[in-house]
Amino acid sequence: MSEAFLIAKGIAKRFGGLTALSDVDLEIRAGEVLALLGDNGAGKSTFIKVLAGAHPPSEGQILVAGQPVSFASPKDAAASGIATIFQELALSENLSISENVYLGRELKQSVLGVPFLRRKEMKQRVAELLKELDAHISDPEAPVGSLSGGQRQSVAICRALNLNAKLVIMDEPTAALAVAETRKVLALIRKLAERGCAVVLISHNISDVFEVADRMVVFRRGRKVAERLRAETEPEEIVALITGAHPDVRALEKAQ
Amino acid sequence: MRRLNRAMSMLTGRELILLAACVVITIAFASASPVFATPENAATIMRNSVELLLIGLGMTLLLAMGGIDVSIGVVMGLSAIAVGRALGADLDPALAAVIGPLTGALLGLVTAAVVVLGRIPAIVGTLGLLGIYRTAIFVVLGGQWLSGLPTGLTEMLGTGLAGVPLSFWMIALAYLAVWLALRRTPFGLHLLAIGNSEEKARLSGISVIKVRFAAFVISGMLAGLAATFYVATYRNVEMSTGSTLALDAIAAVVLGGTSILGGRCSLVGTVLGVLLLRILQNGLLLIGVPSLWQTVVTGGLLIAVLSLEVLAGRLSFSKLGWASR
């Protein structure tokens with residue numbers, strides 16, 4: 001594993017009197033898939049929103065490639081190479097795959113001051129990306145509305161890659177998918193990591209997580225309570241960590 | 001024949017149906033009225049389609065992004081007054097011709113400011129503007145017709161260029177410009193993305209406000225251009241000028257296959273929708289149906305097409321919460 005792409009130090013987030021996150025330290029390395037686990041309300045969604053630039057942290061610091069950053073918006077995070085794929089994928093169903101991949105940052109060519117689309121190049125590039133990801137989508141001109149849930153995930157991932165994302169954050173990417181589709185998206189996530197991308201993944205599905213993640217971080221009541229390498233843990237241990245039945249968590253919570 | 005086949009394959013099912021409908025009603029009216037199938041009457045239908053076509057192009061853009069403008073006919077009326085006044089003041093016809101689109105664009109800017117900045121649903125915001133503009137026309141005209149305008153503009157637009165009147169070239173150019181904007185520039189993609197979902201468009205990094213402003217200004221400009229043609233043809237402007245054009249345009253555009261909820265549109269469909277509507281109105285008049293019934297036909301057609309789309313599952317208003325009201 002290479003050095004950390006992103007380091008979060010002492011991240012806290014408060015909404016009025018409510019503490020959603022406190023004192024979270026985390027490192028995310030290039031080429032690694034990191035899974036965030038935890039019960040509902042454990043703070044993992046708040047944490048990725050901080051990373052994505054959607055919530056400014058109340059305390060703490062984020063370093064990207066060694067440099068301290070502060071994100072005022074998802075646009076700022078994107079400029080630092082962080083792309084977020086939300087559960088309700090922000091894709092336009094009435095537009096084609098290649099149009100979606102480039103939407104908002106199209107390739108243009110100015111003729112007499114009019115910005116014309118470079119459709120052929122966009123189509124070609126998207127066809128390449130789809131092939132590279134082994135996404136099994138043959139026609140980049142197909143409307144996204146005609147695609148399955150898993151194929152839409154591939155398009156969203158293509159979009160993130162095309163933005164030159166170095167860290168892709170995915171919120172429950174397999175939640176609404178059938179078994180075969182889930183397999184495909186998991187394979188896609190591995191592909192992303194092989195390309196040197198860091199992937200942060202929220203999932204409730206422990207078996208998915210064990211299949212795809214290199215490292216797992218468990219959140220509980222707004223704190224990071226455990227961090228495990230996949231090779232060193234078992235699904236039973238992770239479940240115990242999530243529910244608070246694990247002795248480590250008990251000791252930690254007693255100490256507070 | 002092969003060339004015809006290729007041309008047909010470029011049309012969608014909806015557009016083919018419209019084309020067939022145009023042919024069928026043309027045959028029907030031709031057999032019912034001896035005057036219908038004459039070159040003079042064909043020219044009249046074409047002539048009567050000009051303003052509706054230009055306004056229809058703009059309305060297609062607005063509907064594509066989930067917008068609408070029910071004041072657009074009156075915007076043409078106001079622009080026509082501006083052109084008429086310019087002509088009446090013996091301004092150069094070329095300059096008077098430009099005043100139309102300019103006034104329209106300015107009014108489009110006002111519409112955009114009200115609807116986009118005010119964050120009011122377009123149908124309600126433009127309904128308010130319709131009320132205001134109607135009285136504005138009355139006040140500006142002082143209750144009198146603007147008539148007997150100089151013929152300079154009429155002559156200029158009638159000038160032949162390569163054997164075809166200048167007006168035809170200008171309309172073709174307007175169509176080409178709108179088509180290019182819609183299908184060949186980022187603006188068109190952004191418009192359709194906004195029509196599909198404004199929230200998703202915003203998340204994709206599209207500047208929603210800018211795109212919506214541009215669409216309203218373009219639509220206003222096209223209505224203003226329509227005003228220039230209107231004044232050139234009739235050389236008068238009255239209180240009710242343009243008052244039925246918004247209904248006609250919405251009906252024609254929806255007939256053409258553009259979704260009233262946005263995200264899907266067809267410019268070819270709009271052209272065919274305009275033709276169908278104008279052939280129908282002209283034919284009904286010629287077989288003796290009083291002109292009073294024209295808006296009944298247009299309104300009925302609009303409701304019928306929307307109902308059919310809902311029945312066919314192509315359209316659903318339920319997510320807007322309109323279904324139960």
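B:Arg235 sits in the loop between helix H11 (208-234) and H12 of chain B. Helices here are DSSP runs (H or I) of at least four residues and strands (E) are runs of at least two, numbered from the N terminus. The model is a predicted one, in which local features need pLDDT of at least 70 and side-chain atom pairs count only at pLDDT 80 or more, while totals for chains, interfaces and linings use all residues. Residues are numbered from 1 along each chain as its sequence is written, and chains are lettered from A and ligands numbered from 1 in the order in which they are written.

**Two residues with positive phi**

For B:Arg235, phi is near 50 degrees, a positive value in a residue other than glycine. B:Arg235 counts as partly exposed because it has 17 C-beta neighbours inside 10 Å. A residue is buried if 20 or more other C-beta atoms, placed from the backbone, lie within 10 Å of its own, exposed if 12 or fewer do, and partly exposed in between. A:Asn164 has 10 C-beta neighbours inside 10 Å and so counts as exposed.

**Helix packing**

Two packed helices are described by the angle between their axes and the distance between the axes. The axes are lines fitted to C-alpha atoms, for helices over the stretch in contact, and the angles run from 0 to 180 degrees between N-to-C directions.

| Helix pair | Angle | Axis distance |
|---|---|---|
| H4(B) and H12(B) | about 130 degrees | 6 Å |
| H5(A) and H6(A) | roughly 15 degrees | within 8 Å |

H4(B) and H12(B) are therefore oblique to each other, whereas H5(A) and H6(A) are roughly parallel. Angles under 35 degrees count as roughly parallel, over 145 as roughly antiparallel, 65 to 115 as roughly perpendicular and the rest as oblique.

In chain B, the residues B:Ile72, B:Gly73 and B:Met76 of H4(B) meet B:Leu245, B:Ala246 and B:Ala249 of H12(B). Residues are in contact if their C-beta atoms, placed from the backbone, lie within 7 Å. This contact has five nonpolar, one polar and no charged residues. Ala, Val, Leu, Ile, Met, Phe, Trp, Tyr, Cys and Pro count as nonpolar, Asp, Glu, Lys and Arg as charged, and the others, Gly among them, as polar.

In chain A, the residues that H5(A) brings to H6(A) include A:Gly149, A:Gln153 and A:Ile157, and those of H6(A) include A:Glu181, A:Val185 and A:Leu192. By class, the contact of H5(A) with H6(A) has four nonpolar, four polar and two charged residues.

**Helix H6 of chain A**

H6(A) covers residues 179-194, and its 16 residues should span 22 Å at 1.5 Å a residue; the end C-alpha atoms are 23 Å apart, which agrees. The expected span is 1.5 Å times one less than the number of residues. Among the buried residues of H6(A) are A:Thr182, A:Leu186 and A:Ile189. Strand E3 (33-38) and helix H7 (206-212) of chain A are included in what covers them. After H6(A) comes A:Gly196, with a positive phi near 95 degrees.

**A buried alanine and the chain contact**

B:Ala97 lies in helix H5 (residues 93-117) of chain B. B:Ala97 is buried, with 26 other C-beta atoms within 10 Å. Not counting residues up to four places away in sequence, B:Ala97 touches B:Leu153, B:Met156 and B:Thr228.

The contact between the chains takes 16 residues from chain B and 17 residues from chain A. On the side of chain B, the largest share, five residues, comes from H9(B).

Conventions:
Contact = placed C-beta atoms within 7 Å.
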